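The sequence and structure come first.

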Amino acid sequence: MASDRSHVSQTVWPMLALFLVELARMWPALDGAQSFAAASPVSWSSLAAFTVVVTVFFGAYVRGWRVLSRESTSGPAPYRNPGCRRLQSLAGGMAWALVAAHLILLWVMTLRAGPVALSHYELLRRFLSRPLVLAFYMLGLGALGLYLSQGIAASFRAWGFGTRPKSSLRLEVGCTLGSAILMLLAINVLSHFVTGRAYWGAS
């Protein structure tokens, strides 16, 4: 169980950290291009640093799942059953595909337009409004929401929280609601870039 604690955590919490950082970076776009540019300075060094962080976090994700797979005979905890674990593995793969695609997009935009935030804003407006791209991002966000919901609950369960049936149910409901709120915030930002208008939060 001690290794479950560390390895479940390293498959989930780094992903949550990446998501929150990128959501915070993109949120000022709701107030327009100038606000996005002022709050999200672009530079080659920041992009390189972000790439290193993503690579390290992905390494932690892969290592965590390898260890958890080897210990699959120890029982269903912290995931409720093997099916839940397989679903989590699939959702995690799709979520990381979204991270990789978004990182590639950042590099392509920077190579094309240089480290100019206003140019990035306009490129995002044009690129994310494409139906296939929008569908991919929506699918990736759905997978990410599922992954965080199940993974955070499993992480807490590995640390000894929510081990009884009633407390486990409350834990899962709370994690699901929290994850759903985060995904709605992401969809709000995506809506701004796709349609030019967010559902809420815009000036």
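Phe 156 belongs to helix H6, which runs over residues 131–158. The model is a predicted one. With a relative accessible area of 31%, Phe 156 is partly exposed. Together with Trp 13, Trp 159 and Phe 161, Phe 156 makes a nonpolar surface patch of about 420 Å².

Just after H6, Gly 160 has a positive phi of about 100 degrees.

Helix H7 covers residues 165–195. Just after H7, a positive phi of about 85 degrees is found at Gly 196. Between Ala 158 and Thr 195 there are 37 residues in sequence and 42 Å in space, C-alpha to C-alpha.

**Salt bridges**

How many salt bridges does the model contain? The count is two. Side chains of opposite charge can pair when their charged atoms come close. The cut-off used here is a side-chain nitrogen of Lys or Arg within 4 Å of a carboxyl oxygen of Asp or Glu.

| Salt bridge | N to O distance |
|---|---|
| Glu 22 and Arg 25 | 2.7 Å |
| Glu 172 and Arg 157 | 2.8 Å |

Where do Glu 22 and Arg 25 sit relative to each other? Both are in helix H1 (residues 2–26), and because they are three residues apart, about one helical turn separates them. An α-helix has 3.6 residues a turn, so residues three or four places apart point the same way. Glu 22 is buried, at a relative accessible area of 12%, whereas Arg 25 is partly exposed at 22%.

The pair Glu 172 and Arg 157 forms the salt bridge listed at 2.8 Å. Glu 172 is in helix H7 and Arg 157 in helix H6, so this pair ties together parts that are 15 residues apart in sequence. Glu 172 is buried, with a relative accessible area of 18%. Arg 157 is buried too, with a relative accessible area of 12%.

**Cavity and pocket**

Searching the whole structure gives one cavity of 30 Å³ or more. The volume of the largest cavity is about 410 Å³. It is lined by 20 residues, and those closest to its centre are Phe 19, Glu 22, His 102, Tyr 137 and Leu 141. At least two lining residues come from each of H1, H4, H6 and H7. Which element gives the most to the lining of the largest cavity? H1 does, with six residues.

The largest pocket holds about 210 Å³ of space. Its lining has 13 residues, and Arg 25, Ser 46, Leu 47, Phe 50 and Leu 106 lie nearest its centre. H1, helix H3 (44–70) and helix H4 (82–113) are the elements that give two or more residues to the lining of the largest pocket.

**Other positions**

Ala 95 is located in helix H4. Is Ala 95 buried or exposed? Its relative accessibility is 1%, so Ala 95 counts as buried. The C-alpha atoms of Ala 95 and Gly 142 are separated by 8.4 Å, although these residues are 47 residues apart along the chain.

Trp 200 is in the segment after H7. At a relative accessible area of 42%, Trp 200 is partly exposed. Trp 200 and Pro 14 are 186 residues apart in sequence, and their C-alpha atoms are 28 Å apart in space.

Definitions and conventions
Residues are numbered from 1 along each chain as its sequence is written. This is a predicted model: local features need pLDDT of at least 70, side-chain atom pairs count only at pLDDT 80 or more; totals for chains, interfaces and linings use all residues. Side-chain values use heavy atoms; hydrogens and water are left out. Patches are made of residues with over 30% relative accessible area and no salt bridge: like charges are joined within 9 Å, nonpolar side chains (Val, Leu, Ile, Met, Phe, Trp, Tyr) within 5 Å. Accessible areas come from the Shrake-Rupley method with a 1.4 Å probe; for residues, only the protein chains shown count as cover. Helices (H or I, at least four residues) and strands (E, at least two) are DSSP runs, numbered from the N terminus. Buried means under 20% relative accessible area, exposed over 50%, partly exposed in between (1.4 Å probe, protein chains only). On a 1 Å grid over the protein atoms alone, a cavity is a set of points where a 1.4 Å probe fits but cannot get out, and a pocket is an open set with protein on both sides within 12 Å along at least five of seven lines; lining residues have an atom within 4 Å of a point. Grid points are joined across faces, edges and corners, and a volume is the space filled by probe spheres set on the points.
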